[in-house]
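Dear colleague,

Please find below the structure that I am handing over to you.

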Amino acid sequence: MSIQQPSPDNEAANPDENPVTVTETATTKNGAPTKKQPPPEKPSDVRRRSHIILSFWLIVLCLGLPIWWKTTTIYRADLPLQEMLDWSDGKACRPVFPLRISIQANGLQEQEAQNLLRLTQHALDDLNDFSGHHLRLGLAAPSTSDHYDSESVLTIRLLPGETTTAKFDAHEPVLDITYPPNSIPSHTSSSSPLATYVAGQLRSAFAEEQATISYLLSTNSVPSDHRPQGLSSDVADSLAKRTTRALKYAPTYHLTFSLFTSGPLPSSWDIDQAIEEYMKPVLNVLSPIHNFTIDTQVQLYATPGVQNQVLNKEDLSSFINAAEWPLSPSIGGAPTVNFIVFIGNQTIAVPSQDPDEGSAPGSASHSWLIPQWGTVYLLPLPHDTTHLSAEALKQPLLTFTSHLLSLTGTPQSGSLPLRLSTLARIRSADLLLRASSTLGSLARLALALPSISIPGRVADGVTKTIRHLRLACETLGGPEGLAHARIAEAEAERAFFEKSMVGQLYFPDEHKVAVYLPLLGPVAVPLVMGLLNELKAWRKRRREAAEAGKEKKRE
C-alpha cells in the first residue's frame, strides 16, 4: 500500500480542496499488479436475468413447439393394415368359383336321370384337380325343359341317338349330347360310360377357364393350396402371351375405325352399316362386361416405301409407322382400340402357326394384330374404286371382331356364349386379385414411409374396397361378383394414387432438415448459449457459497 501526500504549496493554498487521496493497488507476492475484478452482481439483477431466460424458454416450449407441432403434423388416417396385407397375401379370401350346370333329360324317367346325374357328378369330381372350381350338376325344371336355364352357366341336353356325340350350340350356352338307349345306367350301377363321357366333355369345356384362373392365382400371392395343380410350362407360356396381348380391363373401350388411303380414292365407305351387320352382335353380347363407344374417320396417308408384295413380320414396323398415324384421340379417357383398313395390295407372311391369326405355316394374311393396341388390315382394291360398300368391308370387320375378342382376353375354346360367360368369371378373378394386390402395396407403403400423409379419402376408399372385395369373394362365380370386383379395383386404384400422397413420395427427411435448419438455427443458438451461460453462473455461485460456508465454519 502506498500513500500519496500533497505538496506543501498546494496544501497551504487551499487546504480544503486537496484532501488526502489514498490509492489501493492489489499486488501479487512477487509485486506484479493484478486485474481488478468487477463488483459483484446484485441478487435482483441475477434473478431478473434468470427470469428473462426462463421466460424465453417457456414461450418456446409451451407456445412455440405446440404451434409448430400442430401446424406441421402430417395427418395419417387409420388404415386396417393387417387386413390389407391379408387380402394381398390371399389369406382373406379363398377363390371359389361355383358353377351350376343343368341337365335336360326329356327321354329319361326321373329315377334314371337322377342316377345318371349322380354318376356323372362322381366322375366329374374325380377328374377335377382344382378344389376352388366347383361344377355342380342339377336337373332342369320341367317348365324349362325346352329351353336352356338362364341361371346356369351351361345346359346339357341329353338326346337319344345312335352314337354318343357332343356339340355346342352356336348361339346359346347349350351342349347337346346324343346317346344310344342302351347306354343308360341302371340304378344299381356304380359307373357308366355315358356318365364318364359327359364328365369328360364338361372338363374339356371348362379346362381353359381352369388353366387361366390357375395362371392368375400363380402370378399373385395366393397360397399354394388354393391353386390348381399340373399347369404345364407350355400352357403357362401360352397364357402369359395371351395376357400380354390383351388390354387391361376397363368398363368402357373406345373403338376407332380408320380408312387409310394414299390418294383421293376411295373417298367414302359404308362403315356404319358394316359395323351394324358384322360386329354389332358381338358387341351386344359383350355389353354385360364392357361398354363400347365408336367413331370412324378417313385419313390420307402416303404410300409406304416397301416394294415387296409379301411382307415379313419384321418389316411391319417400317411398312407403317404407328407414331405418324393421324388417329383420333380417345373419348372420355377410355382405352382406345384402333382398327385400320389400309388400302394396299401387300400380304403378310405367317411363318408359323398362330392360333390368333388363324393361318397355317407358310400361308399369307392380310392383317396383323398389335398387342394392346388394335389391328391393321391390308385391303386390295382396284385403283378406280371410289366407294367401299358394306359387303367389301365384311372380311375386315370379321377380322376386327375376332381380334377384339383376343384383345379383351376372351377364351378361345367353346361356343361364343360359353366363352363370354367364362370371360366374365376370369375378369372377376383378375379384378379381385388386382384390387387385393393394390391394397397390399398401399399397406406396405404406409409402413415404409411413416412420414407420408394418409388423407381421410384414402381410408374411405380402403374401407369401400374391402367391403366390395368381400362381396365379390362371396359371389365370385356370378355377374354380381364382376360388378363388386370392378368397384373394388377402381376404389383401390383411386386410394393408391391419391395425389396428395404421391407428391410426398419425393420429399425425404433430408429435405425437411435443409428447410428447418436455416430458419431455426439463428433462433436456437442464442437461446441455447444463454441457457448454458446461466447454468455455468449458477454452478459458480453455488460453489462460491459453499466455500464461504466452509470458511465461516473454520472461523
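Which residues does UniProt list for "transmembrane region"? The unreviewed entry there gives residues 52-69 and 513-533. Please bear in mind, for this and for everything below, that the model is a predicted one.

The coordinates can be set beside that record. Residues 52-69 are 100% helix and 0% strand, with 24 Å between the C-alpha atoms at the two ends. For residues 513-533 the chain is likewise 100% helix and 0% strand, and the end C-alpha atoms lie 27 Å apart.

Salt bridges

The count of salt bridges comes to 14. One of them pairs Asp-45 with Arg-48, where the closest N and O atoms are 2.8 Å apart. These two residues belong to helix H2 (residues 43-72); because they are 3 residues apart, about one helical turn separates them. Asp-45 is partly exposed, at 33% relative accessibility, and Arg-48 is also partly exposed, with a relative accessible area of 48%.

Glu-209 forms a salt bridge with Arg-425, with 2.7 Å between the closest N and O atoms. Glu-209 lies in helix H6 (residues 207-218) and Arg-425 in helix H11 (residues 416-448), so this pair ties together parts that are 216 residues apart in sequence. Glu-209 and Arg-425 are both buried.

Since Glu-489 lies in helix H13 (residues 479-496), the pair ties together parts that are 55 residues apart in sequence. Both Glu-489 and Arg-434 are buried, which means that each has under 20% relative accessible area.

Surface and interior

On the surface, a patch of negative charge is formed by Asp-272, Glu-276, Glu-277 and Glu-391. Of these, Glu-391 is found in the loop between strand E17 (387-388) and helix H10 (394-407). Why does Glu-391 count as exposed? Its relative accessibility is 54%, and the cut-off for exposed is over 50%.

Val-282, in helix H8 (residues 271-286), is buried, with a relative accessible area of 13%. Its C-alpha atom is separated by 9.4 Å from that of Ser-402, although Val-282 and Ser-402 are 120 residues apart along the chain.

With kind regards

Notes. Residues numbered from 1 in each chain as written. Predicted model: local features only at pLDDT ≥ 70, side-chain atom pairs only at ≥ 80, totals over all residues. Heavy atoms only, no water. UniProt positions renumbered as here; feature names shortened; annotations may be inferred. Helix = DSSP H or I, 4+ residues; strand = E, 2+ residues; numbered from the N terminus. Patch = residues over 30% accessible without salt bridge, like charges linked within 9 Å, V, L, I, M, F, W, Y side chains within 5 Å. Areas by Shrake-Rupley, 256 points an atom, 1.4 Å probe, with all protein chains shown as cover. Salt bridge = Lys/Arg side-chain N within 4 Å of Asp/Glu carboxyl O. Lys, Arg positive; Asp, Glu negative; His and termini not counted. Charge placed at Lys NZ, Arg CZ, Asp CG, Glu CD. Buried < 20%, exposed > 50% of the residue type's maximum accessible area, 1.4 Å probe, protein only.
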